[in-house]
Amino acid sequence: MLIKTVFSGFGGQGVIMMGQLLATAGMVEGKNVTCLPSYGAEVRGGTANCTVVISTEEIASPVASEPEYAVLMNNPSLIRYQNQVQSGGTIFLNSSLIEDRPIRGDLTIYEIPLNDLVQQLPDHKGANVVMLGAFIKKSALVTLDTMIRVLKDTFGGKNPAVFKLNKSALVLGYEYLE
Amino acid sequence: MRGNHVAAEAAVRAGCRYYFGYPITPQNEIPEYMSARLSEIEGGVFIQAESEIASIHMVIGASMAGGRVMTSSSGPGISLKQEGISFLCALELPAVIINMTRGGPGLGNIAPAQSDYFQATRGGGHGDYRTLVFGPNSCQELANLTYEGFNLADKYRIPVVILGDGMLGQMMEPVELPPEIPLKKLPPKDWTLTGAKGRPSRFLRSLILDPIKEEEHNWKLMRKYEKIVREEVRWETAYADDAKMMVIAFGIAARIAKGAIKRLREEGIKVGLLRPITLWPFPSKAIRDLAKKVKHFFVFEMNMGQMVEDVKLALEGNGEVHFYGRPGGVILTPLEIARVISSQYYQKRLG
């Protein structure tokens, strides 16, 4: 098994964090992982993307030619990645910000209206983790339990409230898709 | 862990207690990590210097006093440090210098590139000198080589350059870190300047006005470099046994190439990979030995062709070399490089 996922969006949307959480969860489950972030010099705005490879064998290249999954947070990301995803692959898109739809017929598309979903969360934050919840539900790359554990390790130490918020965001996304 | 953090932690575990640097992307996580980590350790010193030139000279000072010391930067910053690197070599001082290369020349950009191969292996500083240069390709290897780099630097009294790139510095991989060395276990040094109380005074200087003595000094350095060439060359090969064409690449480019070769092997295309781990000393003999079986070599670098010169020098005409390079911080995917390799393979009628 060797599965490549690309996360992409504006800088500030939490794209790198999604990749880092997924890679850490993969590592916790005993798989080989690489996580390759790429972003511009800007703190916010600009484009950010993150390639995560999860594998049971040695990972030669951390760069993905044809990812199985693309998680897209804004319209420029859709334009950039829709043709790179391999045939039979899956796109998760943030339908609150992305108006276009891929023209390819050989992909599975999941639409997640993140802006609407975060209204259910305190402070209306955590859209990236909602997306991550939806992503692990359908990709089954890592389990929900592992991801909750990783959220706890990542956020729990500094502020338990932040962990709680992220956990509810994760579960919200996980339960949104059937 | 992120590559930059890995290098910093491995250095501390190898006994590095002194870090001097000046910020530059894409290696800023090294000073960031060092500033926190060294402040927790007794005797740890972290200084963000006023410039790269100041930081490399602080390295000279700490090394003279016997400490394990490191600095890090990226292309333009390393250019500024070259003068100090030449002095480190002349004074025979150990130090570890990390270069997370970015696109150049000039200020270039902050994307990963391999354009500093010449700078690292030939040295941009003045005088006849060499530095040991490692080209790690994963976070694990970065940890191991940084750690070992400190030992080799002390063993040979030579600066060791870790030539990474922006991608290695930024990417995250699981890593098993080497154990921490207690400072007391480090081998003693009999040449350091620590105050001459109770012993005759020592001299460390790079100004040797008498040409005969300077020549002697150069020969002494030369003999040391020859010993390193004999004993420290490292490389690895993959899929080499039945290969009709060998790809030669280092660092991250070698990983992308390996991904490409895996694809090509599935199509029955017989290509292998040789990856130099030490860039100086270069694995010339390994390449010459390969040329007895393989006649076609494909060099892939993320620059306009630098290591390819060492490959050609190694082959001395005993093999055909094709070069493909992408400079400027462009990251090729394995699929793209696979297409280029396979077109070259069929052009040479190997399959």
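Let me start with the contact between the chains, which takes 16 residues from chain A and 17 residues from chain B. On the chain A side, the elements that give two or more residues are α1, residues 15-28, and β2. Of these, β2(A) gives the most, with 5 residues. By class, the side of chain A that touches chain B has 11 nonpolar, 4 polar and 1 charged residues. Please keep in mind that this is a predicted model.

Now to the sheet in chain A. It is an open sheet of 6 strands in the order β2-β3-β1-β4-β5-β6, and the pairing is mixed. Which strands are at the edges? The edge strands are β2, residues 32-39, and β6, residues 108-112, and each of them pairs on one side only.

At the β6 end, β5(A), residues 90-94, pairs with β6(A) in the parallel sense over 5 bridges. One of the bridge partners to look at is A:I112 in β6(A), which partners A:N94. Helix α4 of chain A, residues 127-139, lies across β4, β5 and β6 of that chain, and the helix runs at about 160° to β5(A).

On to chain B. Its domain assignment gives domain 1, residues 3-231, and domain 2, residues 236-347. The centres of the two domains, taken over C-alpha atoms, are separated by 29 Å. How many residues are in contact between them? From domain 1 of chain B there are 27 residues, in contact with 22 residues of domain 2 of chain B. On the domain 1 side, at least two residues each come from α5 (117-122), β5 (132-134), β6 (159-165), α7 (166-170) and α8 (211-231) of chain B. The largest share of that side, 4 residues, comes from α5(B). Sorted by class, the residues on the domain 1 side divide into 15 nonpolar, 9 polar and 3 charged.

The largest nonpolar core has 149 residues. Those with the most contacts inside this core are A:L72, A:M131, B:A11, B:V96, B:V247 and B:A257. Take B:A257 as an example. Leaving aside its neighbours within four places in sequence, B:A257 is in contact with B:V247, B:A249, B:L273, B:F300 and B:I337.

B:L273 brings us to strand β9 of chain B. Is β9(B), residues 271-276, mostly covered or mostly open? It is mostly covered, with 6 of its 6 residues buried. As a reminder, in a regular strand the side chains alternate between the two faces of the sheet. In β9(B) both faces are covered: B:V271, B:L273 and B:R275 are buried on one side, and B:G272, B:L274 and B:P276 are buried on the other.

As for its pairing, β7(B), residues 235-238, and β9(B) pair in the antiparallel sense over 4 bridges. Here B:P276 in β9(B) is the bridge partner of B:W235. Strand β8(B), residues 245-248, is joined to β9(B) by 4 bridges, and these two run parallel. In that pair, B:V271 in β9(B) is the bridge partner of B:M245.

Last, the backbone. Most residues other than glycine have a negative phi, and most peptide bonds are trans. So where are the cis bonds I want to show you? One peptide bond, from B:G104 to B:P105, is cis, with omega near 0°. B:P105 lies in the loop between β4 (95-101) and α5 of chain B. Another cis peptide bond joins B:W280 and B:P281, with omega about 0°. B:P281 is found in the loop between β10 (278-280) and α10 (284-290) of chain B.

Then there are positive phi values outside glycine. Phi of A:H124 is near 55°, and this residue lies in the loop between α3 (114-117) and α4 of chain A. A:H124 counts as exposed because 11 other C-beta atoms lie within 10 Å, and the cut-off for exposed is 12 or fewer. B:R349 also has a positive phi, about 55°, although it is not a glycine. Its place is in the segment after α12 (334-347) of chain B. B:R349 is exposed too, with 6 other C-beta atoms within 10 Å.

That is the tour; I am happy to take questions.

Key
Residues numbered from 1 in each chain as written. Chains lettered and ligands numbered in written order. Predicted model: local features only at pLDDT ≥ 70, side-chain atom pairs only at ≥ 80, totals over all residues. Domains from an automatic or database assignment. Contact = placed C-beta atoms within 7 Å. Nonpolar A, V, L, I, M, F, W, Y, C, P; charged D, E, K, R; others polar. Pairing = 2+ DSSP bridges. Axes fitted to C-alpha atoms, helices over the stretch in contact; angles between N-to-C directions. Core = buried A, V, L, I, M, F, W, Y, C linked by C-beta atoms within 7 Å. Buried ≥ 20, exposed ≤ 12 C-beta atoms within 10 Å, placed from the backbone.
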